[in-house]
Amino acid sequence: MKMKAVTAILTAVGLLITPAVRAAGSSAMMEPVKSVYDHYVKIQTELAKDSLKGVDEHASAIAKAVKGDDMKMLPSDVATQAETLAKAKDLKAAREALKPLSASLIKYLADNKVPNGTYHEVYCPMVKASWLQKGTDIKNPYMGMEMLTCGKVKN
């Protein structure tokens, strides 16, 4: 009888804790983080195609989202890094500006335990830098079409 009571209690606790744990992980991709991530992926996609199309607008949108967040979910450095990226005049400058922004977002997602599969971190040994992308088909924003598939998925 005692064993059934203990099992029932542990099951109830598990049912209560599991949604809370899931909620903690998914809250990391609430707004404005989800919006920032979505804009970031559009930048990553364009740079992988050797294009600056929309990069300035998406980077400015990231900065605006971070600055306008009353909850201060993302560090203010992300806004500064995005503003630097928005000012990039060529692919080389944009790719360099993407590195610190990528590092900050990767750190945020890891620190907030965003579940694997929600995003993919990829590392390029040629430039010694990581980036975020959707999907596991490597699209390197640092090397572009020259070495589009250079990199290793880390999660």
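## A hairpin of two strands

In this predicted model, strand 1 and strand 2 form a hairpin in which four residues lie between the two strands, and Lys 128, located in the turn, has a positive phi of about 55°. The two strands, covering residues 120-124 in the case of strand 1 and residues 129-133 in the case of strand 2, run antiparallel and are joined by five bridges.

Is strand 1 enclosed or exposed? Four of its five residues are buried, so strand 1 is largely enclosed by the rest of the structure.

## Ala 86 in helix 4

Elsewhere in the chain, Ala 86 is found in helix 4, which spans residues 76-86. Ala 86 has a relative accessible area of 19%, and because buried means under 20%, this residue counts as buried.

Which residues does Ala 86 touch, once its neighbours within four places in sequence are left aside? Ala 86 is then in contact with Asp 56, Ala 59 and Ser 60. As for Ala 61, which is 25 residues apart from Ala 86 along the chain, the C-alpha atoms of these two residues are separated by 9.3 Å.

Conventions: Residues numbered from 1 in each chain as written. Predicted model: local features only at pLDDT ≥ 70, side-chain atom pairs only at ≥ 80, totals over all residues. Heavy atoms only, no water. Buried < 20%, exposed > 50% of the residue type's maximum accessible area, 1.4 Å probe, protein only. Contact = heavy atoms within 4.5 Å. Pairing = 2+ DSSP bridges.
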